[in-house]
Amino acid sequence: MYGPDDLARDIDVSRETLERLKTYAALLAKWQKAKNLVANSTLDAMWQRHFLDSAQMAQHLKAVFGERKLTMLDIGSGAGFPGLVLAAMDVGHAHMVEANGRKCVFMNQVSRETSLAATIHNERIEAIEPFPVDIVTSRACARVLQLVNWAAPFLNEGVEMWLLKGEGAEEELTEAQACWKMDVNRYQSLSDPAGVILRLSAIQRL
């Protein structure tokens, strides 16, 4: 079974970062019994399905942005993927947006116990007053068009969207590009053969 040592083999993570992720994983396993934070079917494979899936984005972000710390807006954060994992990997400060109160309580617990640079917003993205961000992230939340529409108030010049998507990504992109002009880069997922990381930049409404 895929575990933390496998993640450390596949992605460059420090020992300190790996310890933070282990603490996160232990909390997820503990809370899942009562709070149903992720699909039960994914719990046994959490290191591949959730942690690797999220952590793989860090290496691409660092290749694009270098070592500068990013301000991230994570839409529909759920149990904290990918934003809290990216914060654990020192990508920057993650603003986690989640309307579900129990999931926000969980993310706050993870943030406290791992000393992450994260702010948890227990509200819908439409209710948040825009503030400066470098990137917008999301995973398993909504279609690309909906995500871009939600993110629009934050999409100042230079702001990019980084989205973890499955096999329907191209169909979703076609739908979004009927309303928005954007440059698209694709990175093959390490955690899912059908998955892709989408980097959307130069986003402008048509």
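**Labels and their values**

Guide: Met46 counts as buried, at 8% relative accessibility. This is a predicted model: local features need pLDDT of at least 70, side-chain atom pairs count only at pLDDT 80 or more, and totals for chains, interfaces and linings use all residues. Residues are numbered from 1 along each chain as its sequence is written, and side-chain values use heavy atoms, with hydrogens and water left out.

Visitor: Why is Met46 called buried?

Guide: Buried means under 20% relative accessible area, exposed over 50%, and partly exposed in between (1.4 Å probe, protein chains only). Met46 has 8%, so buried is the label.

Visitor: Where is Met46, and what does it touch?

Guide: Met46 is in helix α3. Helices (H or I, at least four residues) and strands (E, at least two) are DSSP runs, numbered from the N terminus. Leaving out residues up to four places away in sequence, Met46 touches Ala25, Leu28, Ala29 and Phe51. Contact means heavy atoms within 4.5 Å. Gly3 is 43 residues from Met46 in sequence, yet 8.2 Å away in space, C-alpha to C-alpha.

Visitor: What does Phe51 touch?

Guide: With residues up to four places away in sequence not counted, Phe51 touches Leu7, Leu21, Tyr24, Ala25, Leu28, Met46, Phe81 and Val85.

Visitor: What makes a set of residues a nonpolar core?

Guide: The set must be buried Ala, Val, Leu, Ile, Met, Phe, Trp, Tyr and Cys residues, joined through side-chain atoms within 4.5 Å. The largest such core here has 47 residues; Leu7, Leu28, Phe51, Leu61 and Phe106 have the most contacts inside it. Its largest share, nine residues, comes from α3. A second, separate core has 28 residues, including Leu145 and Val148.

Visitor: Why is α2 called roughly antiparallel to α5?

Guide: Start with the axes, which are lines fitted to C-alpha atoms, for helices over the stretch in contact; angles run from 0 to 180 degrees between N-to-C directions. The axes of α2 (residues 15-35) and α5 (residues 101-114) come within 10 Å and cross at roughly 150 degrees. That makes the pair roughly antiparallel. The cut-offs: under 35 degrees is roughly parallel, over 145 roughly antiparallel, 65 to 115 roughly perpendicular, and the rest oblique.

Visitor: Which residues of α2 and α5 meet?

Guide: Among them, Tyr24, Leu27 and Trp31 in α2 meet residues of α5 that include Val105, Phe106 and Gln109.

Visitor: What joins Phe81 and Pro82?

Guide: A cis peptide bond, with omega about 5 degrees. Pro82 is in the loop between β1 and α4. Most residues other than glycine have a negative phi, and most peptide bonds are trans.
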